[in-house]
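Subject: Handing over a structure, with notes

Dear colleague,

Please find below the structure that I promised to pass on to you.

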2 protein chains.
Amino acid sequence: LDIENKESENSLEGYRGLARELLDKSKVKIGQRVIVDADDEFRVEGLLIPRYEHADEEHIVLKLKSGYNIGIDVKKIGSLSRTGKGHPVKEDNIPESPKIRVFTRSAAKVLLMSTGGTIASRIDYRTGAVHPALSAEDLRSAIPELESIASIEPEVVFSTYSENISPSHWQSLSERIVSRSKERFSGFVIMIGTDTLAYVSAALSFSMIGLSQPVICVGSQRSSDRPSSDSALNLKAAVLVAARFARSGVYVAMHANENDDDIAIHFGTRVRKNHTSRRDAFRSIDSDYAALVRGQEIVINDQQNGDASLKPSDDFKLKTKFERSVSLIKFHPGFDSRVLDFLLREGKVKGIIIEGTGLGHVSHNIISSINGLISEGVFVGMTSQCIWGHVDLNVYDTGRDLIRAGVVPLGNLFGETAFAKLSWVLGNFQPEKWPAIMQESIIGEQTARLFVK
Amino acid sequence: LDIENKESENSLEGYRGLARELLDKSKVKIGQRVIVDADDEFRVEGLLIPRYEHADEEHIVLKLKSGYNIGIDVKKIGSLSRTGKGHPVKEDNIPESPKIRVFTRSAAKVLLMSTGGTIASRIDYRTGAVHPALSAEDLRSAIPELESIASIEPEVVFSTYSENISPSHWQSLSERIVSRSKERFSGFVIMIGTDTLAYVSAALSFSMIGLSQPVICVGSQRSSDRPSSDSALNLKAAVLVAARFARSGVYVAMHANENDDDIAIHFGTRVRKNHTSRRDAFRSIDSDYAALVRGQEIVINDQQNGDASLKPSDDFKLKTKFERSVSLIKFHPGFDSRVLDFLLREGKVKGIIIEGTGLGHVSHNIISSINGLISEGVFVGMTSQCIWGHVDLNVYDTGRDLIRAGVVPLGNLFGETAFAKLSWVLGNFQPEKWPAIMQESIIGEQTARLFVK
């Protein structure tokens, strides 16, 4: 067990306060096998494992023989000692079920869905590489504070790095949430890799229209067993919002800055991963946060893009299909127009989002290929690779040529959200409705013109 | 002449101070044809046109019959009156050549190259649309203050919106600069559309290695005849830097914020258009500015990515070719791997930059197509669609699979700069050198790791 070899060097990494005092007093180290008698409730044997940098000071965490981790409140611990030094534990005293909720204090019930990604990964200490390894249950039990926020039910939906998550996964995830929404959950937390987290949050923002509970997507930029991991704080904030947020909608919970104080709750359609590695990589684009989580407090932003007033009609509710034949194309100087011809002829594409330059432009020599796509019924929508700001096809000749060809300008949707929305629109509506729905702001996905023209 | 109809409504738009006093006293309005006797030097007849919001208060601007604009210092004006009211001007008194430099005060000589774009455009008042119309000479004479900064020689290289500028244009522009660099210019200013300005500045940063004068690319977000135009301030800053900057290199001069005080001088390889319409749309990525221009002052930033110490070898100097068969691909969920097969088979592509997710990932199902490309000798480089931050292919399984396939990680080059650099590298060097040169920081295009891992 490589975790044992490695972490025995680290003495009591991550333990502070009450928990540290107890461990010091008991002369046990990380990686040692220990026996705990807790509050006359149970006796348990396991491997002492490190705590997260931002974990509380009142729990120690043991890895059980079953492979599960369990958090134990130090105030309830009667005795703690190394195995072999104290009385041996009977096998049948070891809690084998992960269902034990030792310190639940909240009535709110949250479904903690795991899909893989860094938040559910650990480092391979031999290679330094990160592998998906932890289940929702592992995380739940490794962060016992979660249980003081809500009653957690873990579910592994699938387990993959998010770069492999495709529109098919968006659909199965949506269907799974709809199916479990009949149970009495206050909200849903989706643990997911950060690589395509913003695509997923945008996709689910549309497929979950009409769901009464909030859905919080959460990831982490550093794996859970690294000292600088952001997973515990992000996850606690996500569970808090899922348990207590009175609003529906799909949100993303990630660090608001590089400190460990505020967690931003981004609107699912207005968020983007803007840095490869920073813990505050996720940023709201042309939009404020929906809320900030600071400790146990949710600070709601009432200037919410005006979307609170939007009431999507029943036509839009719980439509969970996503069309697969959709492309996202970033235009570049010297772009080979034959790629568009290929997507039409061989790719059988039904819709394309183009990230044009500036206000939404492409070079004049590819407009005839765009004409070809549109005349075959392909939807072509225009966004900007600038990311921030609105497209406007009425200012320059190029824009007017594109309008004439039938290209649909998509306001200030950036490429990722436009792509997710188009996949949803094409999956659920008839072609004659595509342009209108793509331009409509159904759930506040278009924000006001924030600039002076 | 639509400009005449429209602007006659605007009385004396843009004129303030001394110039306004003279016009008020002389009872002439914008759009009227006037005759000026100036300082016994010449008599000239023309149409009074509006001034830019940020123009000085000491010149009036006339559009001559020849089509050129001319700025006249009000302190030198002896008399000013409407045509027909005063003595008629003789045709041969109208300066027909744009070469007259009435108020040159500086010895520095700057080549002002025009390529088109908003900075060289004007509004069609009938439609509200913007057309490329102004030449470098028009702008030079419409902004007479330029002449107090440097002696300006205008040259129209080509005239197109920058979305139409391709790597072939990069090459012809580079060759033109090299050819004119034998004359005694202090520096070069390239007026260009903003849509692909950052691609061009990156491309020229490589093709101009070894040029001793600075090259300043400048654009504007609002056309020159709009009250909120940024063109005059950006252009004045660009000319100032071209005239006085002691460093070589390629830079971009654009508004640093939404006020009209500071103009940012960005490194050509580290700048990106990050907003469709704001005047401060251009931002330095993972980098500070090279300098700021405030009024007549150039505030040099000495913390310059360490590039000052870089001395590119002669191998890199003035290589002005660009390969055309290069693609920039943004990966997205559900990406159709057949696009890569098509680029190899039909597109005859020689190099591809992929904007992967996060640290530089793609879904596992397209790795075999990437293998196919690389085994046929195609260069495949990895950047991140996050834009900020470094790629790292050693952290996750996906990254290691890509390394194994022969994908070259490109540090913190973002897509646009990576694409421009690859077009240059493939145009000028042998295949065996491609990976090393693409990963090397030749002119500071790779910046330090700014984040704590």
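Helices (H or I, at least four residues) and strands (E, at least two) are DSSP runs, numbered from the N terminus, and two strands pair if DSSP finds at least two bridges between them. This is a predicted model, in which local features need pLDDT of at least 70 and side-chain atom pairs count only at pLDDT 80 or more, while totals for chains, interfaces and linings use all residues. Residues are numbered from 1 along each chain as its sequence is written, chains are lettered from A and ligands numbered from 1 in the order in which they are written, and side-chain values use heavy atoms, with hydrogens and water left out.

The sheet of chain A

In chain A, eight strands make an open sheet with mixed pairing, in the order β9-β6-β10-β11-β12-β13-β16-β17. At its edges stand β9 (151–156) and β17 of chain A, each with a single partner strand, so one side of each is left without a neighbour in the sheet. Neighbouring strands are turned by 25 degrees against each other on average, direction ignored; axes here are lines fitted to C-alpha atoms, for helices over the stretch in contact, and angles run from 0 to 180 degrees between N-to-C directions.

Strands β11 (residues 214–218) and β12 (residues 249–255) of chain A are paired in the parallel sense over five bridges, and A:C217 stands opposite A:V252 in β12(A). Helix α6 (residues 197–207) of chain A packs on the sheet, where it touches β10 (187–191), β11 and β12 of chain A, and its direction makes about 160 degrees with that of β12(A); contact means heavy atoms within 4.5 Å.

Further along, β13 (residues 262–267) and β16 (residues 291–294) of chain A pair in the antiparallel sense over four bridges, with A:A264 opposite A:L292 in β16(A). A:L292 also stands opposite A:V299 in β17(A), and four bridges join β16(A) to this antiparallel strand, β17 (residues 297–300) of chain A. The two strands β16(A) and β17(A) form a hairpin with two residues between them, and A:G295 in the turn has a positive phi of about 60 degrees.

The sheet of chain B

Chain B has an open sheet of eight strands with mixed pairing, in the order β9-β6-β10-β11-β12-β13-β16-β17. Its edge strands are β9 (151–156) and β17 (297–300) of chain B, each of which pairs on one side only.

Where the chains meet

The contact takes 64 residues from chain A and 64 residues from chain B. Between them the two chains bury about 5,300 Å², 55% of it on carbon and sulfur atoms, where buried area is the accessible area (1.4 Å probe) that two parts lose on being put together, summed over both. In chain A, the residues that lose the most area to chain B are A:T276, A:K330 and A:P333, which together account for 13% of what that side buries.

Four salt bridges are counted between chain A and chain B, a salt bridge being a side-chain nitrogen of Lys or Arg within 4 Å of a carboxyl oxygen of Asp or Glu. A:E355 forms a salt bridge with B:K330, and the closest N and O atoms are 2.7 Å apart. Over all chains, the whole structure holds 50 salt bridges.

With best wishes
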